[in-house]
Amino acid sequence: MLAFALRRAGSGLTLVLVISVLAHTLLALPDPDVGRQLLGPAAPQELVDEHNAALGLDRPLAVRYADWLAAAVRFDLGHSWFTNESVTQSLANRLPVTLSLMGGVTLVTAVVSFVLGVWAGVRRGAVDSAVQAVGVIGYALPSFLITLIMVIVFAVQLGWFPAVGYTPPGVSLTGWLSTITLPVLALSVPAVAGVSQQVRSSVIDVLGRDHVRTLRARGLPFPRVVFRHVLRGAATPALTVLAMQFVGMLGGAVIVEQIFGLPGIGAMTVQYTTRGDIPVIMGVVMVSVLVVVVVNLLVDVLVAWLNPKARLS
Amino acid sequence: MHTRAPATPATAAAGVALLVLAGCAGPPGDDDPATLTIGTMTVPQSLDPADAMGSAAPYFQAVYDSLVRREPDGTYAPMLATEWSYDDTLTELELTLREDVAFDDGTPFDAEAVKANLERFPEAGGGQAHTLEGLEGVEVADEFRAVVHLSQPNRALLYYLSDAAGFMANPGSLGDGLATAPDGTGPYELDPGRTAIGTTWVFERKDEYWGEPLPYEEVAISAFDRENALVNGVRTGQINAAVVQEADQQSVVRSEPGLESVPQDIDYQGLILFDRDGHLVPELADRRVRQAVNHALDRPTMLDKLVDGQGELTDQVFGTETAAYEPELDSRYEHDPERARELLAEAGHPDGFDLTLPRMPEIVGEPMATSISTDLAEVGIDLEWDELDPANALRAVFTDQAYPAMVMNNAQPAEDWVTVAELVLPGTFNFLGTTDDTVGELVREIQNAPADEAAEPARELNRHLVEEAWFVPFYRLTYQHVSDGNVEIEPQSGAAAPSLYNYTPAG
């Protein structure tokens, strides 16, 4: 198991390195005129050139990447070209916001999806049809629309939750819950729609297998068959879909964070990408890739634990 | 304050810095009358005065005082300078300074500080460095008297000294440190522990301030990416005050009971014709062609459909509060495609001509692009839009000088000379250096006349520019200064962002 985990971690690190090269190259290729953007249209060209040189933009791309990498391995991601903020500090401020959002969505999605999926897979009939219908509707509704409706109804009209902002759990747990609930619910709707359908299909599939029929024929109580044996078999594909949802959430977080004014890395991504602030974008890319690698690693290990055959692949 | 922001542990920083907007956690908060929370879409590049800009003024006014204070009506009042006077040539401005002001580390504010700050400003290369172009130097006449020497009169110097160029930092801190650790004599100091740069800035009132303290113990400025989030924050009382620019969000604000809003016509939107001499598009060298472009645009429909009627039609670039402004010039060019075609024919272009303009989607959305293209096509001008990405748009337009015109939103400051310097003199927005004898003569007259005699030539210059169709303004945009009802906001003449001094508790 340890060798399996180390193999996966090694591939993850290689992926981080490859993506850092690709991201740095792709970001630098359009050659954003940072000096002109910073100094404005009125600045003389010599001053703009000096500013670009001070940022190292007159050096070859490979040298710039090597410098960035040498600093990054020491956890120094540089400073924003546009706001002078330390990228590391800025990510440290913003990452907990996005992670708590994604963590909350994953928790809600896992619980609700397993309940709905198992219920639909076991009961079938009208319950199954209803869960499938809810899934299709949840999948079809754009998440920005769900988000806007939630803000208007629950924050602005009813005043149950704040419309904007974020409170860290370390400062106030109730404050955190109040600021995170609506964004989590908004992002959970499409995630639940997708994962619950996967759980339902897997449960139906496992229920039809020979070993489950044998267990039921031996007279084991049905709930015990479901919770001890069916769920274990159904969990593997469901976990994979849940992990994919988690990774995909980074994209959904961009919109939700902007609508709720959450100071997370999703909102930061849009803001800085349009300006070509390479140090910040590289920081965001690296953090995102690391999150994806870590989540995939955890899922791989979990799946391998649930299904030893997976370790051989 | 003379310390760099400490590198606090990540969790602590996140813990304290991000709670600002939360509805129920800790200060500053919406229901705390001692705290003012301003929402904005503007993020300052840094808190170094060299990087200051008018739209981010409140960030800087919290921690720095300016030499001259600009009142809400645009008049000038003493601040760090108590008196000022020009010599007869208008190239020497003598400033008499307050004698009871010191920086936090005890360094006195004096003429040496003024010299250090003003002489650094144009050298530091910030976005407003050009406003002190022509500064020859600052003479220290005595401890509290400084004389600003100019190579030629700068009629907007007091305006600039009440703006970015006038913010005074501790001479001992001038350099990179100011970017995140501002060191001025202002009424507040930055709380680095509760500030998350790029998102939220928290300023605490200083224990000792030389002037009248501002009414709030604490000021928090929170930056947003989307205006609907900003407006939702005001609707729920998490934000006390904000400027709302988008027409649909203004409509939300107006329909919301409990919110107070004050309208202000401020920026104008329109085409700046750079190529009036026909270097890129020869047809534009003819005044009749430029006038035809003005007649071709259906401004009333644009105002109605593109910005929901939130603005005033105009054909002039000078703002309503300037001496140059003339109300009748707002309707010089009626929408008249027939007249436009006649003018084109008279100029020898009965079949029109081709035009390519840059399009930055955040300024020219699809509806505006289509509207302008359609109007121009109706008179035979075939317009093609080049979509530019924001990272390279300025280079393409101003460095490469690749386009003959551009749609822009421009501020309309109350000071005539700011508009003359920005739009009329050869330079940034007149980078091809268009001029003529009348412009040259009137500019010289405005520049050198005593203040009370400059109004008439300014009006004459305005009339001349409109007649020569140097510009194609569409309308002045109306913005709403909106508050949650707990704050009174007094708009700042000629600026979209009210000064920090203009916020007071309601009632």
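In this predicted model, the C-alpha centres of domain 1 of chain A and domain 2 of chain A are 33 Å apart. Domain 1 spans residues 2-72 of chain A, and domain 2 spans residues 100-312. Contact between them draws on 18 residues from domain 1 of chain A and 16 residues from domain 2 of chain A.

The size of an interface is often given as the accessible area lost when the parts come together. Here, domain 1 of chain A and domain 2 of chain A bury about 1,400 Å² between them. Carbon and sulfur atoms account for 83% of that area. On the domain 1 side, the residues that lose the most area to domain 2 of chain A are A:F4, A:V16 and A:L27. Together these three supply 36% of what that side buries. Salt bridges between domain 1 of chain A and domain 2 of chain A number 0.

A helix pair in chain A was also examined. Two packed helices are described by the angle between their axes and the distance between the axes. Helix α6 of chain A covers residues 125-140, and helix α8 of chain A covers residues 173-207. Their axes come within 8 Å and cross at roughly 140°. The crossing of α6(A) and α8(A) is left-handed.

From α6(A), the residues in contact are A:D128, A:V131, A:Q132, A:G135, A:G138 and A:Y139. They meet A:V189, A:P190, A:A193, A:G194, A:Q197 and A:R200 in α8(A). By class, the contact of α6(A) with α8(A) comprises 5 nonpolar, 5 polar and 2 charged residues.

Definitions and conventions:
Residues numbered from 1 in each chain as written. Chains lettered and ligands numbered in written order. Predicted model: local features only at pLDDT ≥ 70, side-chain atom pairs only at ≥ 80, totals over all residues. Heavy atoms only, no water. Axes fitted to C-alpha atoms, helices over the stretch in contact; angles between N-to-C directions. Helix = DSSP H or I, 4+ residues; strand = E, 2+ residues; numbered from the N terminus. Left-handed = near helix turned anticlockwise from the far one by under 90°. Contact = heavy atoms within 4.5 Å. Nonpolar A, V, L, I, M, F, W, Y, C, P; charged D, E, K, R; others polar. Domains from an automatic or database assignment. Buried area = accessible area lost by both parts, 1.4 Å probe. Salt bridge = Lys/Arg side-chain N within 4 Å of Asp/Glu carboxyl O.
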